[in-house]
Amino acid sequence: MANASVPKPDYRIDGFEPATELIEDNFHTVTLSDDMLQPLAEHHSADGRNTYLLLYDRAAIWDSPGTAEFVTLHITRDIKQRTFGFEHARHPVIPLAQNWLIRQGCPAESAELPKNHWPRPADALTARLEDMLRANPDGRYTVLNHSTGISGSSDFGIKVSTLVHDSHPDSAHAPYRLFLEETTEEFRSYTVREGAFPTAEAADTWVRERSTPLPLAPAPDGAVVCRAEAARARSTVTTGGLAVPPVAAVPPRSATAAPSRVHRSAP
């Protein structure tokens, strides 16, 4: 049941009509259960032509196992014709959602989550890895696969794995990188770690079995992080990015386990 205290997304389309029947159908499909879409960040352009939304889908646990929990929308309006169009994507982690919004034209600062609004990074390495994903400097990362599920550990509530191909020359020996996000059971903080694998198959095997520690990639150095933050600041819709439509996932949980997952929600 939806929480009445959670505000619904602000689409700002009153008085506007969908530009085409296909847009109308797609928008209805995406927003059908918008009482379960919890706004995390939003931006409305001063000229009224663009709205950017980052939403948490609280109904994702009832979807297919492994379904990503974050949804982004970019709504465009024709002020003269009084019509609107939109694009949307689903993402496994917030930095990828922010990357998509920034590439669509959303100011980077408007894609940030308000402080104390969501579980916070548990350490500096987590924040640095998230900066890399958010900026995706020189389009180095391409998302291949992702999966979201409950953790088998009593110390963690949600575990998200995101497999990317890293085109940076320094990663040539192990170009398949697995970003593993683990949120504590009380949802106060989370960690992100980057695993390095020679093949996508090796990464998939690790996700399925998890019988050995994650083979950690070298931590990003300060110079790389500074470049990532600069890239985030100047990102535009024409830059390379990480946003991809929903992809097949390697689920870390069974379908029957989904309803028992605890909702993440903002305080």
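**Note on the predicted model**

1. The accessible surface of the protein comes to about 12,800 Å², and carbon and sulfur atoms hold 52% of that area. The model is a predicted one, so these values and those below are computed from predicted coordinates.

2. Overall make-up: the protein has five helices and ten strands. Of its 267 residues, 52% are buried. Among contacts with a separation of 6 or more, 62% are between residues 24 or more positions apart.

3. Helix H2 covers residues 94–104, and eleven of its eleven residues are buried, so the helix is largely enclosed by the rest of the structure. Just after H2, glycine 105 adopts a positive phi of about 115 degrees.

4. Glycine 195 sits in strand S10, which runs over residues 189–197. The relative accessible area of glycine 195 is 0%, so this residue counts as buried, the cut-off being under 20%. Apart from neighbours within four places in sequence, glycine 195 contacts Tyr176, Arg177 and Leu178, and also Leu214, Pro215, Leu216 and Ala217. The C-alpha atom of glycine 195 is 9.2 Å from that of leucine 163, a residue 32 positions away along the chain.

5. Serine 161 belongs to strand S8, residues 156–166. With a relative accessibility of 5%, serine 161 is also buried. Leaving aside neighbours within four places in sequence, the contacts of serine 161 are Asn145, His146 and Ser147, then Leu178, Phe179 and Leu180, and finally Val207 and Arg210.

6. On the surface, Glu17, Glu21, Glu24 and Asp25 form a patch of negative charge. Helix H1, residues 21–31, supplies the largest share of this patch, with three residues. Glutamate 21 is in helix H1, and its relative accessibility of 64% is over the 50% cut-off, so glutamate 21 counts as exposed. An α-helix has 3.6 residues a turn, so residues three or four places apart point the same way.

7. To set the examples side by side: glycine 195 is buried at 0%, serine 161 is buried at 5%, and glutamate 21 is exposed at 64%.

How values were computed. Residues are numbered from 1 along each chain as its sequence is written. This is a predicted model: local features need pLDDT of at least 70, side-chain atom pairs count only at pLDDT 80 or more; totals for chains, interfaces and linings use all residues. Side-chain values use heavy atoms; hydrogens and water are left out. Helices (H or I, at least four residues) and strands (E, at least two) are DSSP runs, numbered from the N terminus. Buried means under 20% relative accessible area, exposed over 50%, partly exposed in between (1.4 Å probe, protein chains only). Contact means heavy atoms within 4.5 Å. Patches are made of residues with over 30% relative accessible area and no salt bridge: like charges are joined within 9 Å, nonpolar side chains (Val, Leu, Ile, Met, Phe, Trp, Tyr) within 5 Å. Accessible areas come from the Shrake-Rupley method with a 1.4 Å probe; for residues, only the protein chains shown count as cover. A salt bridge is a side-chain nitrogen of Lys or Arg within 4 Å of a carboxyl oxygen of Asp or Glu. Lys and Arg count as positive and Asp and Glu as negative; His and the chain ends are not counted. The place of a charge is taken as NZ of Lys, CZ of Arg, CG of Asp or CD of Glu.
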